[in-house]
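This report goes through some salt bridges, a strand, a helix and a chain contact. The sequence and structure come first.

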Amino acid sequence: MSAPPILPAHPSAPQDFHAWPDAHGRFGDFGGQYVAETLMAPLAELAAAYERLRRDPAFITELDHDLKHYVGRPSPIYHAQRLSALVGGARILLKREDLNHTGAHKINNTVGQALVARHMGKPRIIAETGAGQHGVASATVAARLGLKCVVYMGSTDIERQKINVYRMKLLGAEVVPVTSGSKTLKDALNEAMRDWVTNVADTFYIIGTVAGPHPYPMMVRDFNAVVGREARAQMLEQYGRLPDAITACVGGGSNAIGLFHEFLNDPGVRIVGAEAAGHGLASGQHAASLAAGRPGVLHGNRTYVLCDDNGQIAETHSISAGLDYPGVGPEHAFLKDAGRAEYVGVTDDEAMEAFHLLARSEGILAALESSHAVAQAMKLARELPKDGLVLCNLSGRGDKDVHTIAEREGVTV
Amino acid sequence: MSRIDARFAALKAAGRAGLIPFVTAGDPAPQHTVALMHALVAAGADLIELGVPFSDPMADGPVIQHASERAIARGVGLADVLGWVAEFRKRDVDTPVVLMGYLNPVEIHGYARFANEAVAAGVDGVLLVDCPLEESSVLAPLRAAGLQLIRLAAPTTAPARMAQLCESAEGFLYYVSFAGITGAAHLSTTDIAARVADIRARARAPVAVGFGVRDAQSAKAIAAFADAVVIGSALVERLEGAGQADEIAARVQAFLTPIRVALDAH
């Protein structure tokens, strides 16, 4: 992690996409701190601690060391030649975040936030999780640093991600089932927030995505931005140029912003986020907040949300638990409205097709979340000539999903 | 003078502490919400906090969460809540009503539209839990329409913010008596008495204290140093499952009367 620029109070050049958020944690009309009064002080404490640490050379050295020796960075860029040939268009390149320790990009963020927690002297970590990847990544860093770890998880997600639940327990974490609301990621986030309000003196809340109140969208982005920094340098080094298009799946949007951020000021690079279109955007059973939602306020920030005309947050659907979220990080909302990034829906069926194609042609089992990005990369590749370059963030591996896939396909494992 | 200001002035003149019950609109039975509001007044409520159901009530504990879920399951929305306040106003023009809830339903309804409809219905104040001072520029149309913006203060509120909150307080300042969610059990009145006294001395509006008030004893302890006492989760819990208007009224009466008596004996 290189030292980031000092945050401007009023970004003077809105076309400089690296200047956001402003001092209030806003990305244009989005972001902010929409939380109860009780959380304002802990958020201010966190923001101050993070502002200090992100400029501290010793902290940056510590983080870089962990990313290299514990996470296993840098992750390679892999040219999926057989997949590209099958698609018949541009070259598809995969940023292999699935090769990280714990099998997904989520560890980039939890390693960073756990270091912040330790510097703040907080002995207890809490986290919310959907697919379980962030829960596992949090339990992992908590074990390594000797911190107590409690993970909130919707009871519906616990049922469909049993292996990750057991992994968290093996790592010494307590997994608390959340049975309110839709019993999924959004409810786990509510419950973790309640825990934090109640136990704020000794507890650090590791949010797993680029949502939540400021400074979380910025902090989680900064910790994941290593993905794009590496990828951009790797492209220049290995291909002598930037890609024509980059894509990643978007639930809350942490792996996507991680890849996108370094490329935001490269106007020649097309940026496309793949949201979960579930059974199709027209079906109403999806989780495509940007492609089919509207501006609203959820989980501490203004962003695009899926809700009804009474403002009640919708229950979403996606085959992948990690994308099954009715909001999205505020920076993505900003990039959509600014016209810098496009957000499109990829259905369950398209993601499954991409999953199988990648498995058979390249020997890679992608996470169902990441399979949405692969499906989108295939669409983008078809639109480009053979010498084109499409860079896709393969954000996680699919081992956790084999039971879901087997069940969907009527196979008893 | 607004209805809220007039009510607190009358309480002060009478040397009484205010009683502010909170109920979730549409729970336990949507069709009896107006009857419930009248029952609260009959049992001694000085001001009513009416919760607008929201699917993701981050600052609420399980009791109010579940009340919200029940109301939403019965189709209750912001328009229903405003309709019930208008209905309530036909028979009660004196008791202030404050809507308490979260920002998204108001945002989706539209701030200006909500402000006009709320004033027309007879709403006096609005407390939007997830809209702190820093984000409240979006609420300008509410104040412009004549709604008072009730704000929260907490034990974790830093001194500089507390000064801001005291300075900008209108209607009343709602002091959250501990850092936690609604409905939690622990409450140490001695811990908060000094802080509330300090806030009362500086705030431009009366101070109501809530979170953790469960019965006559805890209410009376708080009334010794606050202008008003808010009771939410314990009341909502007591009402759960009551389906008929007379049953709801009887439960309200049984729960609030001893509290009212204790406050007035103060």
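## Salt bridges within chain B

D227(B) and R200(B) form a salt bridge, with their closest N and O atoms 2.8 Å apart; the term stands for a side-chain nitrogen of Lys or Arg within 4 Å of a carboxyl oxygen of Asp or Glu. Because D227(B) sits in the loop between α10 and β9 of chain B and R200(B) in helix α9 (residues 189–202) of chain B, the pair ties together parts 27 residues apart in sequence. R200(B) is partly exposed at a relative accessible area of 36% (buried is under 20%, exposed over 50%, partly exposed in between, with a 1.4 Å probe and protein chains only).

This is a predicted model, in which local features need pLDDT of at least 70 and side-chain atom pairs pLDDT 80 or more, while totals for chains, interfaces and linings use all residues, and side-chain values use heavy atoms, without hydrogens and water. Residues are numbered from 1 along each chain as its sequence is written, with chains lettered from A and ligands numbered from 1 in the order in which they are written.

A second salt bridge joins E237(B) to R214(B), at 3.0 Å between the closest N and O atoms. E237(B) belongs to helix α11 (residues 233–239) of chain B and R214(B) to the loop between β8 and α10 of chain B, 23 residues apart. Helices (H or I, at least four residues) and strands (E, at least two) are DSSP runs, numbered from the N terminus.

## Strand β8 of chain B

Strand β8 (residues 207–210) of chain B is covered on both faces: V207(B) and V209(B) on one side, and A208(B) and G210(B) on the other, are all buried. β8(B) runs parallel to strand β7 (residues 173–176) of chain B, joined by four bridges; strands count as paired if DSSP finds at least two bridges between them. Here V176(B) stands opposite G210(B).

β8(B) also pairs with strand β9 (residues 228–231) of chain B, in the parallel sense over two bridges. The bridge partner of A208(B) in β9(B) is A228(B).

## Helix α6 of chain B

In helix α6 (residues 111–121) of chain B, the buried residues are Y111(B), F114(B), A115(B), A118(B) and A121(B). They fall within an arc of 135° seen down the helix axis, so they line one face of α6(B); the arc is that of the directions from the helix axis to the C-beta atoms. Just after α6(B), G122(B) has a positive phi of about 100°.

## Contact between the chains

Chain A gives 36 residues to the contact and chain B gives 40 residues, contact meaning heavy atoms within 4.5 Å. Four salt bridges are counted between chain A and chain B. K186(A) and D56(B) meet in a salt bridge of 3.0 Å, N to O.
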